[in-house]
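Welcome, and thanks for taking a look at this one with us. Please open the structure below and keep it in view as you read the briefing.

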Number of protein chains: 2
Amino acid sequence: MSSFDFRVTSRDGRARCGEMSTGHGVVHTPAFMPVGTRGAVRAVTQRDLDDLEAQIILANTYHLFLRPGDRLIARQGGLHRFMGWEKPVLTDSGGYQVFSLAPMGTVSEDGVQFRSHIDGSSHLLTPESAAEIQARLGSDIAMVLDECPSHTASREFVLESMQRTSRWARRARNRFLELKSGIVVGEEFVNPEQAQFGIVQGGVYTELREQSVHEIVDVGFESYAIGGLSVGEPVDLMYQIVSATAASLPERSARYLMGTGMPEDLVECVACGIDLFDCVLPTRNARNGQLFTRHGRIVIKNVCYAEDERPVDQDCLCYTCRNFSRAYLRHLFMAKEMTSATLNTLHNLHFYLDTMKRIRESIASGSFGKFRRQFHQMFARHSVDS
Amino acid sequence: MSSFDFRVTSRDGRARCGEMSTGHGVVHTPAFMPVGTRGAVRAVTQRDLDDLEAQIILANTYHLFLRPGDRLIARQGGLHRFMGWEKPVLTDSGGYQVFSLAPMGTVSEDGVQFRSHIDGSSHLLTPESAAEIQARLGSDIAMVLDECPSHTASREFVLESMQRTSRWARRARNRFLELKSGIVVGEEFVNPEQAQFGIVQGGVYTELREQSVHEIVDVGFESYAIGGLSVGEPVDLMYQIVSATAASLPERSARYLMGTGMPEDLVECVACGIDLFDCVLPTRNARNGQLFTRHGRIVIKNVCYAEDERPVDQDCLCYTCRNFSRAYLRHLFMAKEMTSATLNTLHNLHFYLDTMKRIRESIASGSFGKFRRQFHQMFARHSVDS
């Protein structure tokens with residue numbers, strides 16, 4: 001029924017390479033998904049993403065639901081056709097944005113009531129409606145609605161929230177299967193090959209994560225995500241939870257760590273067996289003038305770059321590094337030129353996507369451990385400006 | 001001494017095709033120069049400009065003088081190297097921005113005293129310093145400092161201003177030649193093949209324009225520009241002045257009409273014998289959501305485009321029109337996505353550059369008159385949204 005498939009092609013320790021097949025092509029994992037919140041990755045075009053060899057992008061259900069609307073996108077033939085992107089797209093459920101962006105979001109067993117951050121209009125997002133919206137968007141991978149508690153939430157609150165997330169997961173799956181089977185009158189399934197991923201919650205409590213894995217896997221999805229991390233908890237604790245949770249997820253499913261993405265996190269979490277990442281860091285930091293290189297971070301506005309003729313990273317083969325100096329990039333940033341955002345984004349995305357490529361190559365050749373050590377050594381050495 | 005050269009290659013009425021040779025290559029005229037105010041054309045990259053077959057771009061001396069500074073750019077090897085652009089660059093003199101952007105600009109015989117719009121610092125721009133700044137930038141074509149009076153200025157004021165502009169032109173030329181000969185201690189001439197254009201003023205007074213042509217041509221420059229138009233005067237009066245002034249400029253020099261550029265203006269002024277244009281319209285209007293097509297203008301935010309699956313212009317071969325619908329472009333504009341500015345700019349610049357190409361082809365084949373009639377018919381037909 002679904003053309004979705006995931007198979008592991010090689011392993012090195014717990015790290016693994018895989019092929020994730022979707023209705024819009026194969027994604028070689030471990031993979032990073034650039035974030036295209038409103039159906040566009042900020043400051044770059046789809047042509048740029050192709051040049052960067054982005055394999056899959058993420059779009060935000062919450063934003064697209066509010067504007068231009070999922071029904072409009074469905075009438076336009078779905079998100080791929082609407083945004084002129086023929087490769088895979090993953091959509092989140094909208095839950096995370098409802099909790100972080102929408103004022104007065106209130107959770108009930110039914111779902112989340114929230115007000116639009118654009119016009120204040122009131123909406124109810126349920127496990128069922130999140131599935132319906134994503135069916136209309138026609139993404140290749142849809143996520144279930146989950147609740148993502150604060151990292152300071154009590155164990156009791158996290159337990160209750162996690163259990164509700166499990167109940168929501170079952171409702172979401174049921175709705176997804178109903179939609180897919182075509183029995184829902186008046187609803188079109190824009191992408192018949194859409195897959196649905198379940199999301200494990202449980203905060204920073206290993207035993208709750210364990211329980212969540214059990215409950216979510218019991219519902220049964222094409223693959224699984226780990227949610228509710230990188231929300232402020234210490235990074236070592238995050239790694240610990242990722243490691244334990246990834247280990248208890250099914251070997252034959254893809255494992256997607258949601259929203260996590262400092263460069264060192266990618267490497268560490270691949271080591272835990274994670275296959276899929278998304279994060280706004282490379283694109284957002286690019287716009288703020290923070291550039292990632294193999295030798296650490298560069299804050300391009302710093303005066304030390306005013307006359308620096310070197311590229312951002314001498315070893316980088318991206319368009320920006322092949323053509324422009326730090327001095328020029330600093331000038332564009334200081335002058336608030338839009339081209340600054342574009343050139344910085346091209347570089348940061350190249351860094352992320354190239355890092356993932358090198359990770360895949362090192363796993364395939366059995367040298368991931370060496371890659372990991374070298375990566376951390378180089379990246380940490382100049383964590384302040386070089 | 002200068003590799004600058006201009007030769008007419010074909011004529012159709014007063015319209016003409018030419019080849020303008022510079023130190024960074026040949027420009028086929030009539031040509032349009034996209035405006036890269038601060039050393040970058042807003043919302044696009046140099047790669048995009050290459051794809052669009054932009055032959056030459058304009059950069060603003062005023063902006064680059066203030067930030068990052070002409071001396072910094074000289075130390076970086078000049079503007080071409082700094083901005084990673086190997087084709088020709090024309091720089092204006094800075095005068096226009098001093099009058100329009102800088103508060104408290106005061107004109108004396110010496111030059112213009114002004115305060116920076118960035119930090120309020122005080123500067124004096126003289127005919128000599130404008131030449132020096134542009135020598136440091138290393139553009140292929142430098143413009144002399146001129147004064148551009150308001151279109152409501154009295155004949156008496158315009159006469160006085162025009163005569164001062166003529167005196168400034170002689171000082172600017174002297175300084176340019178001194179710099180070029182290398183006799184100025186401590187000054188490097190970044191681009192030894194730089195040419196300098198004189199600027200004709202005289203407002204809307206035909207006889208003052210005539211006198212200005214006489215005085216400026218008497219100084220002697222590689223080529224000549226018509227300044228002080230498109231500053232609010234009626235369009236028919238503008239055409240009349242352009243027509244008379246172009247006719248009195250030397251046949252064997254390039255004629256550059258500064259800052260004028262509605263699409264219909266390009267066609268009309270080519271008919272008067274103009275060879276070179278610049279204007280912020282295609283780029284600025286793109287960012288404001290106004291798109292130019294052969295069939296008129298489109299204001300992309302209009303609700304009629306919300307579900308319009310057609311490209312901006314069905315006949316257009318630009319990246320935007322080949323890949324994206326009006327509905328998607330409207331969505332990006334409404335959502336204030338930066339990619340909106342990029343896609344709109346790619347389209348508008350393609351429209352301008354393609355129009356110039358079709359103008360050149362029609363002149364070369366002796367069918368410019370027919371092109372001109374058809375262009376106006378099509379463009380005027382849907383001047384409101386189609």
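In this predicted model, strands β8(B) and β9(B) make a hairpin, with 6 residues lying between the two strands. The notes below begin with that hairpin, then move to a helix pair and to the contact between the chains.

**The hairpin in chain B**
- Within the turn, Gly120(B) has a positive phi of about 75°.
- Strand β8 (residues 112–115) and strand β9 (residues 122–125) of chain B run antiparallel and are joined by 4 bridges.
- Arg115(B) has Ser122(B) of β9(B) as its bridge partner.

**A helix pair in chain A**
- Helix α8 (residues 206–219) and helix α9 (residues 235–248) of chain A pack with their axes 10 Å apart, at an angle of about 25°.
- Angles under 35 degrees count as roughly parallel, so α8(A) and α9(A) are roughly parallel to each other.
- Their crossing, α8(A) with α9(A), is right-handed.
- On the α8(A) side, the contact is made by Thr206(A), Arg209(A), Glu210(A) and Val213(A); α9(A) brings Ile241(A), Ala244(A), Thr245(A) and Ser248(A).
- Sorted by class, this contact of α8(A) with α9(A) has 3 nonpolar, 3 polar and 2 charged residues.

**Where the chains meet**
- Chain B gives 35 residues to the contact, and chain A gives 36 residues.
- On the side of chain B that touches chain A, the elements giving two or more residues include α1 (46–51), α3 (70–75), α13 (326–334) and α14 (338–364) of chain B.
- That side of chain B has 18 nonpolar, 9 polar and 8 charged residues.

Technical notes. Residues numbered from 1 in each chain as written. Chains lettered and ligands numbered in written order. Predicted model: local features only at pLDDT ≥ 70, side-chain atom pairs only at ≥ 80, totals over all residues. Axes fitted to C-alpha atoms, helices over the stretch in contact; angles between N-to-C directions. Parallel < 35°, antiparallel > 145°, perpendicular 65-115°, else oblique. Left-handed = near helix turned anticlockwise from the far one by under 90°. Contact = placed C-beta atoms within 7 Å. Nonpolar A, V, L, I, M, F, W, Y, C, P; charged D, E, K, R; others polar. Pairing = 2+ DSSP bridges.
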